[in-house]
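Dear colleague,

I am handing over the structure below, and my notes on it follow directly after. Please read them alongside the coordinates.

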Amino acid sequence: MSNKTISKRYAQALLEIAQEENKISEFSKQLEIIKDNLVQIPILQYAWYENKLTKEDKKRVIEAYFTEKTYATLLSFLYILIDKKREIYFEKIVLEFKDLADFEKEFLEVNVGTAVKLSDSEVQKLTNRISDITGKKVR
């Protein structure tokens, strides 16, 4: 199974849970915070990615840091990733979740390259036009 497929499956499952709990935006924000912490805080980064640690040790570190800072559902999700040895997919899962959540909320993220800088009014016209064509809110 490809990395993209694995990431997408986990992201889709998490999105379904977020929909059931009516917390898509909250989960998206929390996942970004967790992702940033796992990258920026050395002990968390070590605990998350080090294969020599036992699953139980990894869970203890994650629990100690995130229990008061995140939803229990997301903490359980992190435990599942640890149990299944899928920690390396977490950043991609977060990106997939964000894309799926944006699609669900009817957002479309657009990056446009131009030869010359567009004025604010031109950017707004382009944004409105893309929104009209796609039927989605453009960022």
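In what order do the elements of the protein run from the N terminus on? The order is α-α-α-α-α-α-β-α-β, which comes to seven helices and two strands, where helices (H or I, at least four residues) and strands (E, at least two) are DSSP runs numbered from the N terminus.

Please keep in mind that this is a predicted model, in which local features need pLDDT of at least 70 and side-chain atom pairs count only at pLDDT 80 or more, while totals for chains, interfaces and linings use all residues. Residues are numbered from 1 along each chain as its sequence is written, and side-chain values use heavy atoms, with hydrogens and water left out.

Of the 139 residues, 31% count as buried (under 20% relative accessible area, with a 1.4 Å probe and protein chains only).

Leu38 touches, among others, Leu44, Trp48, Ile62 and Phe90, not counting residues up to four places away in sequence; contact here means heavy atoms within 4.5 Å.

H1 and H2 pack at an angle of about 130°, with their axes 8 Å apart (axes are lines fitted to C-alpha atoms over the stretch in contact, and angles run from 0 to 180 degrees between N-to-C directions). That makes H1 oblique to H2, the class left once angles under 35 degrees (roughly parallel), over 145 (roughly antiparallel) and 65 to 115 (roughly perpendicular) are set aside. The contact is made by Leu14, Leu15, Ile17, Ala18 and Gln19 of H1 and by Ile24, Phe27 and Leu31 of H2.

Best regards

Definitions and conventions. Buried means under 20% relative accessible area, exposed over 50%, partly exposed in between (1.4 Å probe, protein chains only).
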